[in-house]
Amino acid sequence: MQLGIRLHDIAKGTLPERLKIAREQGFSCGHLALSKVIDEYSVADGALTPGFAMYLRKLFAEYDMDVAVLGCYLNLATPNRQALKETQEHYKAHIRFASLLGCGVVGTETGAPNEAYAFEEACHSEEALETFIRNVTPVVRYAEQMGVLLAIEPVYRHIVYNPARARKVLDAVESPNLQIILDPVNMLDISNYKRQGEIMEEALELLGKEVAVVHIKDFRIEDGVLKSVAAGTGEMDYSGLLRFMKKEKPYIHATLEDTLPENAEEARKHMQRLWEEA
């Protein structure tokens with residue numbers, strides 16, 4: 001397991017400063033969301049040039065860090081046709097950039113059937129799933145052309161909210177360039193968190209082969225709401241996931257989420273201890 005962190009969870013600073021801190025805290029890879037870590041110059045689609053990609057590639061190499069995920073988390077199910085076209089082009093720009101950057105995957109979630117990217121009951125409808133499949137397919141085909149992996153992340157409040165829905169997407173698109181970012185906590189909600197073991201088992205059974213990256217965080221129930229927190233500070237049982245990773249994908253990128261600058265290193269150490277015990 002190659003443990004990493006979302007770089008926008010590192011103490012605020014320039015990208016080189018964040019990379020330096022991440023490396024000092026023992027991380028070996030990072031989740032890079034360009035607009036969340038770079039504000040001193042443009043990261044618009046037109047700025048994603050080969051030169052910029054190669055600069056970042058050398059910068060990450062300087063700190064002996066991989067780019068595990070290049071984040072591009074936009075709504076591929078929006079009913080606004082113009083916005084959809086612009087979003088698809090934004091994904092393609094990130095895919096081109098990723099092909100030169102040498103990152104693990106371009107990562108995305110799966111949206112909502114409204115312009116606000118907000119949860120509504122229709123998120124879990126078959127119609128919404130069909131819309132997402134239809135809209136993500138040309139993006140995946142472009143990824144195939146560029147030799148890049150696109151990875152979708154199931155999230156309970158989005159369209160692809162459980163392992164079965166993710167399996168339907170994989171089977172419908174039918175591409176080796178479409179993979180999975182597995183975040184166990186993101187598939188949980190106040191209505192199902194007591195079945196976390198069952199949900200994790202189903203995810204590994206249905207999606208294990210396609211899991212390219214793992215996101216690691218924890219959860220607590222506060223005032224009847226499931227809240228995401230740093231690894232090791234909540235109720236998440238990692239045992240089944242870690243056994244799977246150790247046996248099937250021992251060098252997989254696993255990036256921490258929802259850490260704070262003051263607890264990130266302890267969260268890493270906690271996961272490293274669990275890994276060694278698995």
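How much accessible surface does the protein chain have, and what percentage of that surface belongs to carbon and sulfur atoms?

## Surface and model

The accessible surface of the protein chain comes to about 12300 Å², with 48% of that area belonging to carbon and sulfur atoms; such areas come from the Shrake-Rupley method with a 1.4 Å probe. This is a predicted model, in which local features need pLDDT of at least 70 and side-chain atom pairs count only at pLDDT 80 or more, while totals for chains, interfaces and linings use all residues. Residues are numbered from 1 along each chain as its sequence is written, and side-chain values use heavy atoms, with hydrogens and water left out.

## Overall form

The protein chain contains nine helices and ten strands, which are DSSP runs (helices H or I, at least four residues; strands E, at least two) numbered from the N terminus. Because a compact globule of 278 residues would have a radius of gyration near 19 Å, the 18 Å of the protein chain agrees with that form; the radius is taken over C-alpha atoms, and the globule rule is 2.2 Å times the number of residues to the power 0.38.

Of the 278 residues, 54% are buried, a word that here means under 20% relative accessible area (1.4 Å probe, protein chains only).

## Helix H6

After H6 comes Glu 174, which has a positive phi, near 55 degrees.

Definitions and conventions:
Buried means under 20% relative accessible area, exposed over 50%, partly exposed in between (1.4 Å probe, protein chains only).
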